[in-house]
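The tour goes one selection at a time.

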Amino acid sequence: MDYTRQIKDHWREQRLFTRRIIACSVIAILLTGTVLTRLAVLQLVNAEYYAAQSQGNRIRVQPLPPARGLIYDRNRNVLAENTPSYQLELTPEQVPDLEHTLTRLESSGLIKSESTDRIRNLIASKRRFDSIPIRQRMSDDEVARFAVLRPYFPGVEIRARLARYYPYGRIGAHALGYVSGISATDQELLDPAKYAGSSYIGKVAVERTFEPDLHGSPGHQDVLVNVHGRMMQVLDTQLAVPGRDLILSLDIDAQVAAEAALEGRRGAVVAIDPTNGEILVFASAPGFDPNGFIRGLSRDEFRALQNDTEQPLFNRALRGAYPPGSTIKPMLALAGLEQNSPLTRQQTYCRGYYSLPGNPHRYRDWKPEGHGLINLHDAVAQSCDTYFYEMANELGIDVISRTLSDFGLGAATEIDIGPESNGLVPTREWKRRNFSAPEDQIWFPGETVITGIGQGYLLATPLQLAHATATIAARGKRFRPSIVQGIRDPVTGVIAQRQPRELAPVTVSSEANWDQIVRAMEGVINDPQGTARAIGINAPWSMAGKSGTAQVFSVAQDETYNKEELAERMRDHALFVAFAPVEEPRIAVAVIVENGGSGSGVAGPVARQVMDAYLGGATL
Amino acid sequence: MSPTGKHGTQSYGTTTHLLRRIHLDPPLMAGLLVVLTLGMFVLFSASGNDTDMLLGQVARIGLAALVMLVVAQINVAWMRRAAPWVYFIGLAMLVLVLAIGDAGGGAQRWLDLGVRFQPSELMKLAVPAMLAWLLHDRALPPSIMLTIGMLLLIAAPVGMIALQPDLGTAILIGLTGAAVIFLAGIAMRYIVAATVIGVAAMPLLWYFMHSYQKQRVLTLLDPEKDPLGAGYHIIQSKIAIGSGGIFGKGWLNGSQGQLEFLPERSTDFIFAVIGEEFGFIGVTLLLLLYGLIIARGFVIAADAQDTFSRLLAGSVSVTFFCYVFVNTAMVTGLLPVVGVPLPLVSAGGTSMVTLLAGFGILMSIQTHRKLLPR
């Protein structure tokens with residue numbers, strides 16, 4: 001096709017061009033039609049789907065964590081409150097490079113290097129769009145430092161939150177418990193909807209048992225966010241319902257006195273109001289500072305607490321099971337009176353030891369030279385072991401076990417915080433079930449004898465001893481121990497009082513039997529020969545009690561017992577139970593000082609100081 | 001064939017008369033003004049009520065309008081004579097850009113001649129002008145040899161621009177050149193053959209594509225696969241458009257755009273903002289306005305009095321359509337994301353100048369016609 005031979009035909013070319021323009025128009029219309037069809041599919045057919053997508057893009061539901069309920073003592077002193085604090089929160093979804101972010105937060109000193117693993121675990125356990133607290137209780141300085149760095153940390157924000165604060169610090173820590181960061185284990189057990197936005201959960205004692213009351217219900221806030229997740233506008237707010245406040249029966253002044261008296265020792269003090277079972281003092285030493293758990297203990301700090309040989313995290317009042325020693329003697333004396341045992345009607349001669357008939361083994365009295373002729377009253381007041389060896393032998397293990405069980409030993413008291421130890425009241429049945437060798441399954445008379453002075457297999461918690469003492473004080477009336485007195489609704493302010501729960505009483509054939517026991521316990525403090533005659537001096541109220549010394553290990557026959565030579569850990573536990581005023585008892589106390597030595601000398605003064613603080617009295 | 005020209009001074013008002021005296025085409029002017037004005041409203045919203053950005057756009061439109069006015073004064077005969085010169089100067093500058101880009105160690109599209117100047121934008125007009133110049137005194141349809149020559153003239157700048165890499169512009173220039181060949185009347189069998197060869201060459205093209213370009217194609221096929229990466233643009237754009245529904249969320253009320261979920265919302269993805277805020281009605285209306293402008297371009301091309309004018313006017317109009325189609329198809333997820341702005345609306349200077357210069361050419365062609373019928 002040589003163009004030079006062609007003649008340019010303008011008309012033909014114009015017609016060809018016009019046809020091509022028309023063709024172009026048709027193509028253009030078809031292509032535009034395709035786009036329009038596409039638009040129609042997006043905007044007309046699927047409009048609702050995309051509208052929902054766009055809503056989901058821009059509206060974020062932020063949980064509003066509820067304020068945790070406050071905890072008061074019986075006189076409305078605040079024991080646990082919430083203080084505003086700043087915390088650093090991270091939303092994984094909005095963090096472009098998590099590892100990089102954590103590294104930089106660490107290098108800027110905002111998070112500790114040892115907590116990054118914990119944070120990683122926490123992030124893994126939460127939903128991607130949840131805001132996760134990575135640093136609690138920031139100082140003003142740290143808040144300022146982060147404010148400057150904020151643009152470099154997308155997805156990380158400072159939030160003002162309420163953090164738990166215990167104004168009394170270590171005081172009452174074992175009763176209150178503490179709150180701490182929600183662990184992966186907690187996460188599995190709780191309702192995620194209720195805990196959306198919550199950073200803390202109660203871990204032990206009141207904080208844990210009453211978690212459902214204290215926690216409250218979260219609210220939520222629908223917020224408009226931009227692509228960076230920054231809040232632009234609040235669209236809707238549903239306020240959180242704060243947790244219910246708890247009014248404890250604790251008396252913080254008596255609690256302070258108890259913990260001061262236990263300072264530097266291992267032990268426990270429990271005081272109960274005998275008229276209703278309310279716990280007045282609940283102390284276990286050594287304690288810990290619950291505020292440390294809120295700040296977030298490092299792994300090392302927590303390990304140090306756990307591995308401390310003094311076991312500061314161990315709740316001795318609730319879970320410490322000790323041989324009750326002589327503190328059970330009043331209960332055995334009552335059993336003797338009820339059984340009309342011959343021993344209660346006459347005197348016996350104490351020559352410093354007791355032997356079962358036809359057996360040379362000597363069960364020794366604490367007083368080597370013996371008490372001489374002694375009756376029930378003096379046996380309790382002077383804590384004569386020989387008398388109670390004989391009494392135990394006379395009563396037999398079945399009656400002893402039944403009596404002690406009637407007073408609540410050997411079983412959980414079902415106090416409203418837990419978990420508690422059951423203690424142990426041995427029976428023939430128990431021995432048969434718990435010993436493997438057939439020769440060990442038999443109950444021996446010698447075992448009955450040592451049970452008479454609260455040794456052997458017998459174990460009781462300080463709480464159980466306080467409970468039993470309160471039962472004596474109330475002359476058989478028993479109440480389930482409770483630490484929470486009332487629960488206050490945060491909205492209405494109405495306090496729901498928790499009614500005392502009466503338990504099956506200890507019944508006696510004659511009220512005179514109670515009189516006799518109580519008088520004997522008064523003798524412990526008031527008699528010239530009473531074991532604790534130093535305890536009641538100058539008290540404006542009358543007091544009844546019983547000392548106890550529990551052997552940690554048994555001294556071999558005929559070996560002289562030298563306190564000084566024993567390692568501190570081998571020393572006897574010192575116990576003391578008491579109640580006051582005798583005429584109208586308002587407080588019953590049980591004290592245990594581990595390896596304290598003398599019950600009356602070490603544990604007794606602790607009980608007196610608690611009573612002084614609660615009842616008011618002269619200094620010892 | 002062209003009664004409007006003959007009776008123009010009598011049938012139109014004084015404004016029209018005045019516009020014609022300064023070589024502007026009233027219908028085209030009307031269409032452009034409406035779209036530019038609406039575009040500024042949209043841009044204000046898309047920029048997040050950024051007045052500075054709006055003023056910048058106004059300045060660019062002013063500059064572009066000035067260029068359009070100047071171009072419209074130039075007689076087509078001058079343009080024809082200048083065409084090969086402009087083409088080869090442009091080609092030389094493209095070589096220079098590539099060389100500097102290599103030296104600078106990265107992609108580069110512009111030359112610093114006091115102001116930043118993109119030779120590729122110049123080529124959008126220079127390529128069709130060059131091809132029209134080649135054909136203007138020859139018998140049409142062109143011979144096969146001539147067609148191959150034209151293809152080479154197209155391939156040279158397109159190849160270099162694709163290397164920059166600026167796929168969007170390369171595609172647009174390729175389409176413009178193809179439009180000239182098509183409008184020149186090349187036989188349908190060649191078009192069919194070229195299409196077949198083109199489809200067959202696809203794998204080869206794939207082989208030569210940059211990895212990010214491949215990614216764009218893959219993303220188009222399955223945007224959900226990479227929702228936070230390459231697929232994010234398309235997903236968010238579809239959400240914006242779809243959530244607009246029939247009537248839209250209203251001006252300044254599009255959450256996708258206002259809350260920055262939509263990327264590049266004031267430039268390449270501004271169509272999604274229109275879809276979100278003005279709905280199906282809004283986008284249909286906009287497409288209609290574009291259609292009217294293109295139709296006017298086609299009418300001018302059909303009315304043109306010589307081969308050069310016809311081909312140039314026709315290809316400029318087709319290019320404008322390609323802009324509209326490629327952008328809207330890309331934003332709605334029909335085509336890969338190739339970086340083509342929505343003409344007259346997207347923020348950005350150089351494309352605005354080129355576009356209005358193109359319309360200047362159309363107006364020049366329309367208003368410099370001899371009033372006597374042939």
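A residue is called buried if 20 or more other C-beta atoms lie within 10 Å of its own, exposed if 12 or fewer, and partly exposed in between, with C-beta atoms placed from the backbone. Helices (H or I, at least four residues) and strands (E, at least two) are DSSP runs, numbered from the N terminus.

This is a predicted model, in which local features need pLDDT of at least 70 and side-chain atom pairs count only at pLDDT 80 or more, while totals for chains, interfaces and linings use all residues. Residues are numbered from 1 along each chain as its sequence is written, and chains are lettered from A and ligands numbered from 1 in the order in which they are written.

**Stop 1: helix H11 of chain B**

Select residues 231–244 of chain B, which form H11(B). Among the buried ones are B:His233, B:Ile234, B:Gln236 and B:Lys238. Now check the length of H11(B): its end C-alpha atoms are 20 Å apart, which agrees with the 20 Å that 14 residues should span at 1.5 Å a residue. The expected span is 1.5 Å times one less than the number of residues. Step on to B:Gly245, which follows H11(B) and has a positive phi near 65°.

**Stop 2: helix H14 of chain B**

Select residues 307–331 of chain B. How many of the residues of H14(B) are buried? The count is 25 of 25, and the helix is mostly covered. From first C-alpha to last, H14(B) reaches 36 Å, close to the 36 Å expected. Just after this helix, B:Gly333 takes a positive phi of about 85°.

**Stop 3: where the chains meet**

Show both chains. Two residues are in contact if their C-beta atoms, placed from the backbone, lie within 7 Å. By that rule, 42 residues of chain B touch 37 residues of chain A. On the chain B side, the elements giving two or more residues are H8, H11, H12, H13 and H14. Which of them gives the most? H13(B) does, with 11 residues. This side of chain B divides into 22 nonpolar, 16 polar and 4 charged residues. Here Ala, Val, Leu, Ile, Met, Phe, Trp, Tyr, Cys and Pro count as nonpolar, Asp, Glu, Lys and Arg as charged, and the others, Gly among them, as polar.

**Stop 4: two helices of chain A**

Select residues 329–338 and 385–406 of chain A, which are H14(A) and H17(A). They pack at an angle of about 90°, with their axes 9 Å apart. H14(A) is therefore roughly perpendicular to H17(A), a label for angles of 65 to 115 degrees. Residues making the contact include A:Leu332 and A:Ala335 of H14(A), and A:Phe388 and A:Leu395 of H17(A).

**Stop 5: the whole chains**

Chain A has 22 helices and 23 strands, and 43% of its 620 residues count as buried. Chain B has 15 helices and 2 strands, with 51% of its 374 residues buried.

**Stop 6: confidence**

Colour chain B by pLDDT, the predictor's confidence in each residue, from 0 to 100. The mean for chain B is 85, and 88% of its residues reach 70 or more. Confidence is highest in H13(B), at a mean of 95, and lowest in H1(B), residues 3–11, at 46. Over residues 1–10 of chain B, pLDDT stays under 50. Where pLDDT is low, the predicted coordinates should not be read in detail.

Methods: Axes fitted to C-alpha atoms, helices over the stretch in contact; angles between N-to-C directions. Parallel < 35°, antiparallel > 145°, perpendicular 65-115°, else oblique.
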